[in-house]
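Here are my notes on the model, point by point. Please read them with the coordinates open.

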Amino acid sequence: MIEQLNVSLASARLAVDAVLKAARSNDAPLAVAVVDSSCQMVYFNRQDGATAVDVRTAERKAYTAAFIGRDTALWRLQILHDGRTVADWANPNLTTLHGGWTLRRASQVIGGIGVSGSGNEDRDEQLALKGAEALAQLAVDDWRTRRDARPIRDRSAVHA
Amino acid sequence: MFQQHRLGLAQAERARDAILAALTRNDNPIALAVADEHGQPILLLRQDGAPARMLLRARAKAYTAAMLGLDTVEFRDNHVKARERTLDDWGDPMLTTLQGGVAIRASGQVVGGIAMSGNTTNRDEALARIGLSAMGLLA
């Protein structure tokens with residue numbers, strides 16, 4: 001038997017909420033997807049006005065980040081450098097569009113997050129990172145709690 | 001130009017909260033899908049421990065209910081079984097006859113579909129209806 005860390009529904013919701021909270025009023029409506037370590041969807045939100053294309057793209061970005069174990073922007077650079085194309089993987093779900101981040105815990109891949117809809121790949125990437133950061137902060141808080149019994153301030157109140 | 005009433009994320013979130021609150025300890029981990037009138041997902045959710053097929057099914061059920069404007073049971077009984085057809089006749093691989101998908105209507109129009117998976121198909125539909133009524137739409 002092996003122990004596999006995996007993104008939980010609670011942490012997936014936390015990540016999606018962090019992205020939506022980070023979006024400004026002048027950002028176009030977003031689709032945000034979180035998949036687990038097996039690249040299967042855990043939580044997905046589509047803001048009013050985001051399109052079917054965004055649904056598909058957000059899902060594929062999250063899938064790619066979890067499947068490849070690299071953020072989609074970094075993976076793009078890597079395969080460009082290696083002289084490969086996405087077709088080499090023979091997997092129609094893979095994409096090199098920016099905006100997919102690998103979610104890790106204790107150096108294991110626990111999932112992926114993908115954002116689409118802002119109309120700009122790099123803004124998608126920036127926003128998706130907010131979700132990945134929220135989970136990283138969770139890991140830091142856990143680690144702190146184990147070393148130090150003093151309570152951590154409630155971050156949900158800070159973000160609200 | 002024409003103006004359309006469409007389902008929003010706010011309604012989907014209301015359904016999500018009502019369904020999660022209605023779950024009991026006897027329920028299996030569930031998957032939930034809320035789709036707009038084109039069957040495109042607005043909110044997808046899979047609880048810890050629910051197999052991936054549960055969400056695939058929930059998505060297919062919500063898609064079917066939204067696209068056809070029919071609850072999946074109605075589709076199965078009145079359209080597939082009663083006319084001795086098979087799903088292949090519709091030529092759409094996303095359609096399903098599994099119980100648990102419910103069409104969402106507002107002011108007489110189909111605006112989407114909501115579907116559950118994870119428990120018995122009866123329980124799935126009952127939970128989907130809890131979500132539907134929590135949306136607070138006037139059918």
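1. In β2(B), A33(B) has L44(B) as its bridge partner. Elements here are DSSP runs, numbered from the N terminus: helices are H or I with at least four residues, strands are E with at least two. A33(B) also touches P41(B), L44(B), L55(B), A58(B), R59(B), A62(B) and A115(B), leaving aside residues up to four places away in sequence. Contact here means that two C-beta atoms, placed from the backbone, lie within 7 Å.

2. A word on conventions. This is a predicted model, in which local features need pLDDT of at least 70 and side-chain atom pairs count only at pLDDT 80 or more, while totals for chains, interfaces and linings use all residues. Residues are numbered from 1 along each chain as its sequence is written, and chains are lettered from A and ligands numbered from 1 in the order in which they are written.

3. Strand β1 (residues 31–36) of chain B pairs with β2(B) in the antiparallel sense, over 5 bridges. Pairing requires at least two DSSP bridges between the strands. A31(B) has R46(B) as its bridge partner in β2(B). The hairpin has 4 residues between its strands, and G39(B) takes a positive phi near 80 degrees there.

4. β1(B) is joined to strand β4 (residues 109–117) of chain B by 6 bridges, and the two run antiparallel.

5. Is β1(B) buried or exposed? It is largely enclosed by the rest of the structure, because 6 of its 6 residues are buried. Buried means 20 or more other C-beta atoms within 10 Å of the residue's own; exposed means 12 or fewer, and partly exposed is in between, with C-beta atoms placed from the backbone. Both faces of β1(B) are covered. A31(B), A33(B) and A35(B) are buried on one side, and L32(B), V34(B) and D36(B) on the other.

6. Strand β2 (residues 41–46) of chain B has 6 of 6 residues buried, so it is largely enclosed by the rest of the structure.

7. Strand β2 (residues 41–46) of chain A is joined to β2(B) by 3 bridges, and the strands run antiparallel. F44(A) stands opposite L44(B). Y43(A) stands opposite L45(B).

8. Now the interface as a whole. On chain B, 14 residues are in contact with 14 residues of chain A. The elements giving two or more residues to this side of chain B are β2 and α2 (52–68) of chain B. β2(B) supplies the largest share, 6 residues. The residues on this side divide into 8 nonpolar, 4 polar and 2 charged.

9. Consider α2 in both chains. α2(B) has 17 residues and reaches 25 Å from its first C-alpha to its last, close to the expected 24 Å. The expected span is 1.5 Å times one less than the number of residues. α2(B) is mostly covered, with 14 of its 17 residues buried. G69(B) follows α2(B) and has a positive phi, near 70 degrees. In chain A, helix α2 (residues 52–68) has 17 residues and reaches 24 Å, close to the 24 Å expected. Just after α2(A), G69(A) takes a positive phi of about 80 degrees.

10. The largest nonpolar core has 79 residues. Such a core is a set of buried Ala, Val, Leu, Ile, Met, Phe, Trp, Tyr and Cys residues joined through C-beta atoms within 7 Å. Those with the most contacts inside it are A15(A), V19(A), V34(A), A33(B), V34(B) and A62(B). α2(B) gives the most to this core, with 10 residues.

11. Finally, the overall fold of chain B. Its secondary structure comes to 4 helices and 4 strands, in the order α-β-β-α-α-β-β-α along the sequence. Of the 139 residues of chain B, 47% count as buried. Residues 24 or more positions apart account for 66% of its contacts with a separation of 6 or more. The C-alpha atoms of chain B fill a box of roughly 40 × 40 × 20 Å, taken along the principal axes.

Key:
Ala, Val, Leu, Ile, Met, Phe, Trp, Tyr, Cys and Pro count as nonpolar, Asp, Glu, Lys and Arg as charged, and the others, Gly among them, as polar.
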